[in-house]
Amino acid sequence: MNEYLQIFNTISLGLVVLDRELNITSWNRWMELHSGIPAEKVLGQNICNLFPSLCDSSFNRIVKSVFAFGNYASYSQKLHKYLIPMKNPHGSSTLFPQMQQNCSFGPLRNDNKEITAVYITIQDVTDFVIYEHKLIQMAKIDGLTGIYNRRYLDSRLTEELERSRRHGNPLSILMLDIDHFKKINDTHGHLCGDYALRKISELLQELVRTSDILGRYGGEEFCCVLPETPFEQAIVLAERCREQIATSPLSCTDQQTRVTVSIGVTGMHRDDTLDSIINRADNALYQAKHAGRNRVCSCPALSEAGL
Amino acid sequence: MARIMIIDDSLVARMSLKACIPKDVGHELKEGNDGSVAIELYQTFKPDLTFMDLTMPGIDGMTALAEIRRMDPTAKVIILTADIQTRTIERVMELGAFGLLKKPPVKDAVQAELIKALATENK
Amino acid sequence: MSNPLRELTELEKDALQEIMNIGFGRAAADLAEIINLHVILSVPHIAVLQSDEVISYIHKQIPDTTDMSMITQFFSGKFNGGSFLVFPHGEGRKLLRIFDGEMALLGENYDIDVLEKETLVEVGNIIIGACVGKIAEMLGDVVSYAPPRFFSQDQIFETLDDVLNGSDSFAILFKTVFNFEQYNVSGYLFLVSQQSIMPWLKQAIAEFLGPYE
């Protein structure tokens, strides 16, 4: 068999050729395998009839341009996810049920140098995308508790401050700190300390709303950004958190322990920066600790200027 | 036998248009290389027909077309352009162009326009 | 020592200018009519320079390279060379609006710089193909393209340096400014060919002038 034909059928890349009417004139073995559609079923068919969702503006624009200008065209996973819907071949992934694809297009000419067809290459990049996603998540997420890490929280808080400022909406934040955390570690061991952190993260995640941004801010410190939330409402939420945590038993290595948190609450001031609002919340948190722990203290934005 | 004005900033463009105009009929030709020359020359030369490019430095073809038609509502101006987008064509016709030709000029098309333009009675 | 084959005569330059005008005019018209992409291409400027002057020439044209993004794409045929599409940095992200409607699919896990790059590559390919393709067509040639590459900021001059230095001693440079009105994005397109295409270029120009002489 012709070498090119062998390459065409064994290469681990999808190859499709379309004529000027967008009818499929070639569909290689890789395409058959991954689409589950044999070549006989598609040859001569219009690709838009077979895959209606395909013929959106990007695909049309690209194909038309290649026929008109003979350019090389790219169709990236980053912008489009995929071209031809296919199942993720790497096993089921709830994040990426479809195969993620990078594609390219190019002209095919006849002996008179006229463009009579367009070829499409389809490359499976699902595993790269999954890996990249993991890396991105790792950069955002605190490994132990599974909630956001400080770096991500800081950047989100900065964004939300800007957004609130732009739209004139209120914003509040909570700073929580586990009371006597060192004692927990010393008395019951670090595994118990870790368990406490995880358990409290879980509780907090259930209590806050989907629009709220919860992160681990320090060793035993948490911060929760509450967009579009007025100060008074934030205090109510803080109190609910304090109460839930104080009344939830924490079973750890055979011993029942109770853990409490101190919480500082503050609302956004129009001129707040990341530092000024965090400082104010920290001060409120400090007041709560000083006043005996297991309580909520608040520092309204309009009182002392940020330290 | 007519007075024909040719306006284009490119020597080669003027050359190629001239090559499409029959030489044995005794047409009188004058050339210019931008919109301001077109406007001045129109007043002194009083051509029966003008061929004009759109993209010129200084005063461009659209502006010159509008000005010439303002000065003389009977002026016959044929626009030559490479940019044959619908909205360009519409704008050009709105401004009162007699016709529009694609570049590079082709003998048959140029002569057809010539015949049309010179056959029309002046009002 | 001047070699007639190295230089373009005034007439040839004028002819090439007109050829490029027409080519770009057609490219802009096709972009608008066929794919509904409205670009305004300025009258191109042509220069024949020593290869090592090309970089400083481009440098002078671009206000601030530390703040730019660039797509490069090599093309080959009888008309061969490199195309360089340069945008002020960050402009590219305005073009993301071309994908309005499809963007909903992207979700929250995206990096704006990455999206900008991909958009520039996707749209840039088309612009380059239209401009280079039409010029080639006018000169009686058909070109093919290498895959595009994207560079930003400091990488730009390093790349240009690598690409342009150490080759044939003369280069022919074409520059145009393009503008996407509806997205308020403009940039530059440079086409650079080595002097080795000169004999063919002169021949192609002569053929273009043929019917008019």
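Helices, of at least four residues, and strands, of at least two, are taken here as DSSP runs numbered from the N terminus. On that basis, chain B of this predicted model comprises 5 helices and 5 strands, and these elements follow one another along the sequence in the pattern β-α-β-α-β-α-β-α-β-α. The radius of gyration of chain B is 13 Å, close to the 14 Å that the globule rule gives for 123 residues, so chain B is as compact as a globular protein of that length. Of the 123 residues in chain B, 37% are buried, and among the contacts in chain B with a separation of 6 or more, 63% are made by residues 24 or more positions apart.

Chain A, in turn, contains 12 helices and 12 strands. For its 307 residues the globule rule gives 19 Å, whereas the radius of gyration of chain A is 29 Å, well over that value, and chain A is therefore more spread out than a compact globule. The box filled by the C-alpha atoms of chain A, taken along the principal axes, is roughly 90 × 50 × 25 Å. The domain assignment divides chain A into domain 1, covering residues 3-132, and domain 2, covering residues 141-299, and the C-alpha centres of these two domains of chain A lie 49 Å apart. Buried residues account for 36% of the 307 residues of chain A. Of the contacts in chain A with a separation of 6 or more, 59% come from residues 24 or more positions apart.

In chain C, helix α1 (residues 10-35) has 26 residues and reaches 36 Å from its first C-alpha to its last, a span close to the 38 Å expected at 1.5 Å a residue. A residue is counted as buried if 20 or more other C-beta atoms lie within 10 Å of its own; by this criterion 19 of the 26 residues of α1(C) are buried, so the helix is largely enclosed by the rest of the structure. The residue that follows α1(C) is C:N36, whose phi is positive, near 60°.

Contacts between chains were examined next. There are 2 pairs of chains in contact, and of these, chains A and C share the most contacts. In this pair, 21 residues of chain A are in contact with 22 residues of chain C. On the side of chain A that touches chain C, α5 (57-69), β3 (73-75), α6 (77-80) and α7 (126-140) of chain A each supply at least two residues, and the largest share, 6 residues, comes from α5(A). By class, this side of chain A has 6 nonpolar, 8 polar and 7 charged residues.

The contact between chains B and C takes 16 residues from chain B and 16 residues from chain C. Helix α1 (residues 11-18) of chain B gives the most to the side of chain B that touches chain C, with 5 residues, and the composition of that side by class is 8 nonpolar, 6 polar and 2 charged residues. Chain A and chain B, by contrast, are joined by no contact, and their closest C-alpha atoms lie 15 Å apart.

Methods: Residues numbered from 1 in each chain as written. Chains lettered and ligands numbered in written order. Predicted model: local features only at pLDDT ≥ 70, side-chain atom pairs only at ≥ 80, totals over all residues. Contact = placed C-beta atoms within 7 Å. Nonpolar A, V, L, I, M, F, W, Y, C, P; charged D, E, K, R; others polar. Domains from an automatic or database assignment. Rg over C-alpha atoms; globule rule 2.2 N^0.38 Å. Buried ≥ 20, exposed ≤ 12 C-beta atoms within 10 Å, placed from the backbone. Expected span 1.5 Å × (residues − 1).
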